[in-house]
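Thanks for coming. I have one structure to go through today, so please look at it on the screen while I talk.

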Amino acid sequence: YLSFIPPNDEAVPAFVAGLVAAGAGRLVIDQHWYLNWASPPGSPLGWEEMHRRACSEAAQTWRPYVAAGLPLILGEWSLATNHDEHVDIADAAARAQLRRLFLAQLAAFSADAGVLGAF
């Protein structure tokens with residue numbers, strides 16, 4: 001059982017491939033996808049970039065495991081972004097963006113049959 005927190009794990013697919021090649025046995029990958037720390041402090045991501053990273057970039061990080069036939073559990077994910085920057089949920093536009101981000105992540109996570117979780 002291996003647990004990693006993308007997007008800060010660029011070397012992990014090669015590490016896992018090495019374990020598999022060495023006969024490490026059955027592995028299960030537990031991936032935690034957080035956008036909260038995906039940009040340097042003071043450099044907040046815009047909504048479109050958050051959507052891109054939450055969906056297409058997230059899927060790119062788990063595809064090597066799924067392609068290798070390794071079970072992947074998306075153990076944790078969050079709507080927290082930009083180092084816990086305050087989002088005014090009283091603002092209708094902010095609520096709409098958060099809802100869109102939530103639904104887009106659910107769609108991306110459930111679209112890949114190799115990803116396990118309750119979505």
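Every number I give is computed from the predicted coordinates.

The overall picture. The protein has 119 residues, and 38% of them are buried. The secondary structure comes to three helices and four strands. Going along the sequence, the order is β-α-β-α-β-α-β. The C-alpha trace spans about 55 × 30 × 20 Å along its principal axes. As for contacts, take those between residues at least 6 apart in sequence: 79% of these join residues at least 24 apart.

Now helix H3. It runs over residues 92–111, which is 20 residues. From its first C-alpha to its last, H3 reaches 28 Å, close to the 28 Å expected at 1.5 Å a residue.

Which residues of H3 are buried? They are Ala94, Leu98, Leu101, Gln105, Leu106, Ala108 and Phe109. For the spacing in such a list, recall that an α-helix has 3.6 residues a turn, so residues three or four places apart point the same way.

And what do the buried residues of H3 pack against? There are four elements: strand S2 at 29–33, helix H2 at 47–67, strand S3 at 72–77 and strand S4 at 115–116.

Of these I will take H2. The axes of H2 and H3 are 10 Å apart, and the packing angle is about 15°. Angles under 35 degrees count as roughly parallel, and H2 and H3 are therefore roughly parallel to each other. The crossing of H2 past H3 is right-handed.

Here is the contact residue by residue. From H2 come Trp47, Glu48, Met50, His51, Ala54, Cys55, Ala58 and Trp62. On the H3 side they meet Ala94, Gln97, Leu98, Arg100, Leu101, Ala104, Gln105, Ala108 and Phe109. By type, the residues of this contact are 12 nonpolar, three polar and two charged.

Gln105 is in helix H3. Is Gln105 buried or exposed? Its relative accessible area is 0%, so Gln105 is buried. Leaving out residues up to four places away in sequence, Gln105 touches Trp33, Ala54, Cys55, Trp77, Ser78 and Leu79. Ala54 and Cys55 in that set are also among the H2 residues I listed for the contact with H3.

Trp62 is in helix H2. At 1% relative accessibility, Trp62 is counted as buried because the limit is under 20%. With residues up to four places away again left out, Trp62 touches Gln31, Leu72, Ala108, Phe109, Asp112 and Val115. Ala108 and Phe109 are themselves on the list of buried H3 residues. Trp62 and Asp30 are 32 residues apart in sequence, and their C-alpha atoms are 9.9 Å apart in space.

Beyond four places in sequence, Asn36 touches Ala80, Thr81, Asn82, His83 and Asp84. From Asn36 to Ala118, 82 residues along the chain, the C-alpha separation is 21 Å.

Pro41 belongs to the loop between S2 and H2 as well. Pro41 has a relative accessible area of 65% and is therefore exposed.

Ser43 and Arg95 are 52 residues apart in sequence, and C-alpha to C-alpha they are 21 Å apart.

To recap the helix pair: H2 and H3 pack at about 15°, in a right-handed crossing, with 12 nonpolar residues in the contact. That is what I have; I will take questions now.

Conventions
Residues are numbered from 1 along each chain as its sequence is written. This is a predicted model: local features need pLDDT of at least 70, side-chain atom pairs count only at pLDDT 80 or more; totals for chains, interfaces and linings use all residues. Side-chain values use heavy atoms; hydrogens and water are left out. Helices (H or I, at least four residues) and strands (E, at least two) are DSSP runs, numbered from the N terminus. The expected span of a helix is 1.5 Å times one less than its number of residues. Buried means under 20% relative accessible area, exposed over 50%, partly exposed in between (1.4 Å probe, protein chains only). Contact means heavy atoms within 4.5 Å. Axes are lines fitted to C-alpha atoms, for helices over the stretch in contact, and angles run from 0 to 180 degrees between N-to-C directions. Angles under 35 degrees count as roughly parallel, over 145 as roughly antiparallel, 65 to 115 as roughly perpendicular and the rest as oblique. A crossing is left-handed if the near helix is turned anticlockwise from the far one by less than a right angle, and right-handed if clockwise. Ala, Val, Leu, Ile, Met, Phe, Trp, Tyr, Cys and Pro count as nonpolar, Asp, Glu, Lys and Arg as charged, and the others, Gly among them, as polar.
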